[in-house]
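Me: I am new to this structure and would like to learn how to read it. Please take me through a few features in turn.

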Amino acid sequence: MFKTKPYNQILKNIDQYHEVSFDIPIVCPNCNASLQPIIVDYRLLSYNSSSNGLLVISYKGNCCSKFFYATYEYDNRKAKILDVFPHLKPAILPDNIKDLSPRFVNLYEQSYTAEQNGHIELAGSGYRNATEVLIKDFAIKKLKAPQEDVCKMKLYDAIGAYLKEVNLDTSAADVIRVLGNDYTHYQRRYDDIDFVVVKKYLEIFIQQIETKLLLMEPIVPTNRS
C-alpha cells in the first residue's frame, strides 16, 4: 500500500495551463524514510494520440537523494497512482524466527507483496495466517507440543495455550487474529480500524517471539548453580 498525499501542480506539455491532480509518495522506497519528494521529470505516454494515458513521474528523495519513479493512470487532469519503483522491501525478519518457521517467512512476504499492491484484504488475512503458523511452529519445535494436537487447534486456543505457557502477553496475537479474521468476512465489524494497526501489532508480536527465543537459548552459558 502506497503512503501518499494529494498534490496539485501544473505539468507543462501535459496540461500546460491547468493544474494536474495526483498523489505523491510520502515514504521513500529506497530508505523507508518519510519524505517530500522533488519532481525531476515526467512523461505522458498517450493512448491513440489523446491526452489520456500513462503518466510516469521521476522523483528524487530529499532524505537519501536517490531517485525513484511512480506510474499513474492519467485522465482529464487527474492521475491515479498505479505503482512505485523500486518496490519497498519487507522489514528484515529476525534470524531466529527465520530458522524457526520458514513457512511464516514465506507467508509474511506474500502478504507484504499483497499489501504493497493495495490488496489490503488479502494482506490482512495473510498476516493472520502467518501468525498462526509462527505460533504453531513455536509450540511444536520449542515447546515440544504434540504435532497432531497443535495442527488441529484453533488459533484462539493456540494463543491461550502456548503463549501463556511461556508467560507471553497474548494481546498482540489476539488483535492480529481478530482483525485478520475480519478481513475474511462478508460484512466487516472493524472496517473503521486502519490497516496500519494490524502491522503495528504484528511487529510487536514478532518482537515478542524473537525475545522469547533469545531468552530460551542464551548465546553464552547462564548456569548459576
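Me: Why does the end-to-end distance of H7 agree with its 22 residues?

Reply: The expected span of a helix is 1.5 Å times one less than its number of residues. For H7 that gives 32 Å, and the end C-alpha atoms are 32 Å apart, so the two agree. Helices are DSSP runs of H or I with at least four residues, strands are E runs of at least two, and both are numbered from the N terminus. This is a predicted model, in which local features need pLDDT of at least 70 and side-chain atom pairs pLDDT 80 or more, while totals for chains, interfaces and linings use all residues. Residues are numbered from 1 along each chain as its sequence is written, and side-chain values use heavy atoms, without hydrogens and water.

Me: Which residues of H7 are buried?

Reply: Buried means under 20% relative accessible area, exposed over 50%, partly exposed in between (1.4 Å probe, protein chains only). In H7 the buried residues include Phe 195, Leu 202, Phe 205 and Ile 209. The buried residues of H7 pack against H1, H2, H3, H5 and H6, where contact means heavy atoms within 4.5 Å.

Me: Which residues touch the most other members of the largest nonpolar core?

Reply: In soluble globular proteins, nonpolar side chains tend to be buried together. A nonpolar core is a set of buried Ala, Val, Leu, Ile, Met, Phe, Trp, Tyr and Cys residues joined through side-chain atoms within 4.5 Å. Here the largest has 40 residues, and Phe 104, Ile 135, Leu 163, Phe 205 and Ile 209 touch the most other members. H3 gives the largest share, nine residues.
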